[in-house]
Amino acid sequence: MEAAILQLIEGLLSPDSDTIRQSTAELTKAYENPETLLCLTKIVVTNEQTQLRQFAAVLLNKRLRKLRHWQLVPAEQQAAIKSSILQVLVTEKEKNVKNSVAQLMGTLVRHEAEKGDAWMAELLKFIYDRSSSGNPEESELGSSIFAKLADSAPDQFALHMESIFQLFATILSGAETSGNLATQTVSNMLIGTSCLLPFVSGHSAAEQTVVKAMPMIIKTLHAFALKGDVHEFISAFEIVDTLAEYVPHLLTSNVKSLLEFCLVTASNVQLEDSIRVQVIAFVGTLVRLKKKVIVKQKLLEPTLNVIFQVICQDTSDCDDYFSGESPNSPSCAATQTLDLMALHMSPEKVIPPLLQLLEPALQSPDPVSRRSSFICMGVIAEGFAEAISNKYLEVMLNIVKAGITDATMSVRVSAFFALGQFAEYLQPAISKFASQILPVLFEYLSQLVVELKMGQPEPKHMERMFYALEAFCENLQDDIVQHLPVLMDRLLEILDPQNSARIRELALSTIAAASSSAKEHMMPFFPRIMTILQAFLVKDCPEEMNNLRIEAVDTLAALTREVGKENFIPLADDTMNFCLLMLEDGPDDPDSRRSIYNLMGSLSLVVKESMASVFPKIMDRILESVISSEDVLPNMPKNADGDLILDAANVEIDLEHTDDEDDSEDLDGYQVENDYVIEKEEAISALKEFAANTGVAFAPYLQSAFENVYKVIDHPQEEVRKSCVSAICGFIIALNKMGDAGGVTRACEIAIPKFAQIIRTDEEVTVVIHLLDELADLLKEVKLAAITNQENAELIFGIIRDVFLNKMACQFNEQGGGDEEDLEDSEFNETLIENAANLLPMFGHTLQPETFSLYFGRLLQFYVQKLAKAKKQDMPEHRAYIYGALADCFKLLRKHTVTYFDVVCPLFIAGTKDSDPKARQNSYYALGEIVISAEEKSFESYPAILQALSDAIARETNDSAMDNICGAVARLIVTNHSAVPLGHVLPVFLNHLPLKEDVVENDVIQKAFRVLYLQARPSIENFLGQMLIITIESLYKKQMTDDKTIESALCFIKEIREHYPDKFNEVSNSSPDVFNYVNTL
């Protein structure tokens, strides 16, 4: 029989596909004979050909992987197979065969472990005895088998954790005693133990063994680093990576020694770069997981010193810092780690010591030090945006301005990078300095135009200069208008066909960015831009021009969104036809499709319901891009069973008919293909725009859009997850606008539990921040239809509570970090808490007041505690959002505000004296809101509230805050005008009207005027003229946007005209403008 099986294997390895199919069929039939498995086992044990031994092991593993196939094997054959396979693991010399046999042994362990029979005990004793042997060959063999079995069936060692981890510690200790920690045996034990760590939680003795062994593990890693074998070191280092991922609490007591090892290794320029990159990346992991321990043990400054030192060691002209690619050098890894420090640590802890490093480096004659300083400034801009904007912006900006004129090109490039980062992340604060920055950038543009005309090569700083210019243009809003003539003149010159495709792409991208701020002010340049774009908007173009065509499509999409419907509508049909042509016959390229989806999304804003005729032609293709798996490719394991087949035989063997086992377990994670990811993201965004812009035209596609986007909401790429969240919220809001209450409820019953899961489990804080933002908008828009069962209400409540308690995965809350109150959070975590805090009033929109009151009462303590912390640590922005979030709840609580009045009223009175104008503004607003909602309960507090407002109005200098004092007084008047001493209050109140900035308060101002006119007319007759002027001016300046408020104001004017004609005429004749305006009413 052995000869027949060998012939069958040779047939499977044949290059002829017919032979393969025939052999596969014969193998399927052969498995009906129980002797076939024994025969394959014999080939594994005795055959002289490596290829045949390995392939026999592969076939055995494929067959036996399914438990029912193993259970069909008679007991005596099972025993023979187990015994033989263990023998092969001992005697086999060929690595490929041993790997395949180990995979097979792992399968057997998975099936046999729970039996608790003698074989498993024998196997473990074999591993223990061999691994701890004094003979290096024996210990290498035992530890190698352990590593392979732990990799193949790690969960099956759960019953033996304590003894295995004790073995691990014993072997490390013995290796130290022998004076050589970097042995193959130690390496194998590290690899095997790493495989078991995901399952160690709950095994307290094993956990304690790991903690006690950590100093030895660190010494071992140091020995492997000095040995210099990159593969060995990375394999060994996997143990601390796995600890950090699965059981980070086991690292806490050894953070100091582990971090110090990483810093020493990172600093050692004699080591291989790959080793240094590994430890530098792990520093970032420790920052993320153990920031409190790092601060408490004073490890932050040494870490910063090493990170900056490593960044300064790169003398190449590498642009990796700016490309977003994965780090491939120590300096690139160090910038990534600095970025993580900015995202996860308090700016007050990091910025001062970092500036102490940057100051001498910026003055250094060494251009690498200067360049590195600008890279650091740019890298921290995102994570420390608030702190830089509030405390350091002007100083840093002056430094960067000097850097972009540095004599050394590499320094200029990095300074432009920093400037671009500032422009992108430090909005709106940095826009105040546009008048200083833009002339410098325009001068560079002018110089570039001259150089290009003279035939000089494009300068290396060009890309970074455009990055900075584009970021500024995109965020300037109306302030860009004064700069448009100069900017567009330069950009249009750069679009000369004589210039390279790349520089023209950059110019087009900047035009698109400028249009987002300039909007219809782009129209003077629109015809010329369109003339240039039309040359690229063709189906066929030379390959070298494809990127330029894509950029032209994106620029057209930006213009379509921004210049206004009436300005673009004449071009809509031609643009849509181009889109359809490109989707049907254009290049099969993800980036090209992405740009077309972008353009179609923008067109939907212009043509609205007329998209109905287009949807049947495009929806299948867009949905295909949404659910396509081309963007996520599986990584196969390093020792996949199929290696021999693919490499040696160079044919694809059909093993599917030999077993119906699901092979998904063979995948080793995923890799992401960026172009397809961005296509998917844009397809999802286009669907959201269609739902928002096209009304009932999109109704037939809403369900399929929702279902398909929901399928990819767990995508490995964070930007796709964010797009999915936005789109799903957009779809539900579209259903709501169509009046489909049932559809809204069904969609929310699916979406809200999923959103809650993402908020709890997603480790990317930007995803969770974005989701909280979108969820708040959804709840506010959909209101009562959003939450129709208690389960979902509890989910929202739990989200808000647990963000305050730092329980979300993205908050990386660690134990043993010291006093929580003494440590500031990272800006991103504070933004997360702010978004959760602001979710509470939006939650109130979805509930009846009595139900909302129950949740508000359970959450109020967290807001009060957060406010106390914000006062203690002097965090004005945080005080402001707490006051604001609470203030927005009272109109939703209505009469139930009474329950909380005595707690919150003193908080808001104290808030009127806050040093921050926004905090004061929100406190004034809150006082008015609690009064108008609590009604009679508030009457006894009128004297205290009026006194607080009186004191405030005398010292307030901020216009928005002053407007909210007026709004609060108006609310007191509306609620109980008789409790307000009008003779004292009205003159001061009216002297600060009309409103200057927060004109939404005009609604309650007009209500107060109405109450006074109807119920207290004798008290206000002397003020009617002033009230009339205020009302007319507010109407004239279009400061009233609510129809009811406008109607009330017009009614007030009419009644004054009828009942007090003298006062009316006096006001009307006070100026020609007033007279003319009044006569139009």
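Q: Which residues does Ser-938 touch, not counting residues up to four places away in sequence?
A: In this predicted model, Ser-938 lies in helix H46, which covers residues 936–939. Ser-938 counts as buried because its relative accessibility is 0%, under the 20% cut-off. Leaving aside residues up to four places away in sequence, the residues that Ser-938 touches are Phe-901 and Val-931.

Q: What is the phi value of Glu-935?
A: Glu-935 is placed in the loop between helix H45 (917–934) and H46. Its relative accessibility of 48% makes Glu-935 partly exposed. Most residues other than glycine have a negative phi. Glu-935 is not a glycine, yet its phi is positive, at about 50°.

Q: What separates Arg-621 and Glu-624 in helix H32?
A: The side chains of Arg-621 and Glu-624 meet in a salt bridge, with an N to O distance of 3.7 Å. Arg-621 is partly exposed at 21% relative accessibility, and Glu-624 is partly exposed at 45%. Because these two residues are three apart in helix H32 (residues 615–627), the separation is about one helical turn.

Q: How many salt bridges does the count come to?
A: The protein chain has 92 positive and 154 negative side chains. The centres of these two sets lie 5 Å apart. With a nitrogen-to-oxygen limit of within 4 Å, the count of salt bridges comes to 43.

Q: Which residues form a negative surface patch with Glu-520?
A: Glu-520 is found in the loop between helix H26 (501–518) and helix H27 (526–534). Its relative accessible area is 45%, so Glu-520 is partly exposed; membership of a patch requires over 30%. The residues that form the negative patch with Glu-520 are Asp-478, Asp-479 and Glu-566.

Q: Where is Pro-428, and which residue does a cis peptide bond join to Pro-428?
A: Most peptide bonds are trans. Pro-428 is placed in the loop between helix H22 (409–425) and helix H23 (434–453). The bond has an omega of about 0° and is cis, and the residue joined to Pro-428 is Gln-427.

Q: What is omega for the peptide bond from Leu-993 to Pro-994?
A: Pro-994 is found in the loop between helix H49 (982–991) and helix H50 (1002–1015). The peptide bond from Leu-993 to Pro-994 is cis, with omega near 0°.

Q: What is the phi value of Arg-894?
A: The place of Arg-894 is in the loop between helix H43 (890–893) and helix H44 (901–911). Arg-894 counts as exposed because its relative accessibility is 53%. Arg-894 is a residue other than glycine with a positive phi, near 55°.

Q: What distance separates the C-alpha atoms of Met-1 and Thr-36?
A: Met-1 is in the segment before helix H1 (2–12), and its relative accessibility of 46% makes it partly exposed. Not counting residues up to four places away in sequence, Met-1 touches Asn-33, Glu-35, Thr-36 and Cys-39. Met-1 and Thr-36 are 35 residues apart along the chain, and their C-alpha atoms are separated by 8.0 Å.

Q: What percentage of the residues in the protein chain is buried?
A: The secondary structure of the protein chain comes to 55 helices and two strands, and the C-alpha trace spans about 120 × 70 × 70 Å along its principal axes. Among contacts with a separation of 6 or more, residues 24 or more positions apart account for 76%. Of the 1081 residues in the protein chain, the buried percentage is 57%.

Note on methods
Residues are numbered from 1 along each chain as its sequence is written. This is a predicted model: local features need pLDDT of at least 70, side-chain atom pairs count only at pLDDT 80 or more; totals for chains, interfaces and linings use all residues. Side-chain values use heavy atoms; hydrogens and water are left out. Helices (H or I, at least four residues) and strands (E, at least two) are DSSP runs, numbered from the N terminus. Buried means under 20% relative accessible area, exposed over 50%, partly exposed in between (1.4 Å probe, protein chains only). Contact means heavy atoms within 4.5 Å. Patches are made of residues with over 30% relative accessible area and no salt bridge: like charges are joined within 9 Å, nonpolar side chains (Val, Leu, Ile, Met, Phe, Trp, Tyr) within 5 Å. Accessible areas come from the Shrake-Rupley method with a 1.4 Å probe; for residues, only the protein chains shown count as cover. Lys and Arg count as positive and Asp and Glu as negative; His and the chain ends are not counted. The place of a charge is taken as NZ of Lys, CZ of Arg, CG of Asp or CD of Glu.
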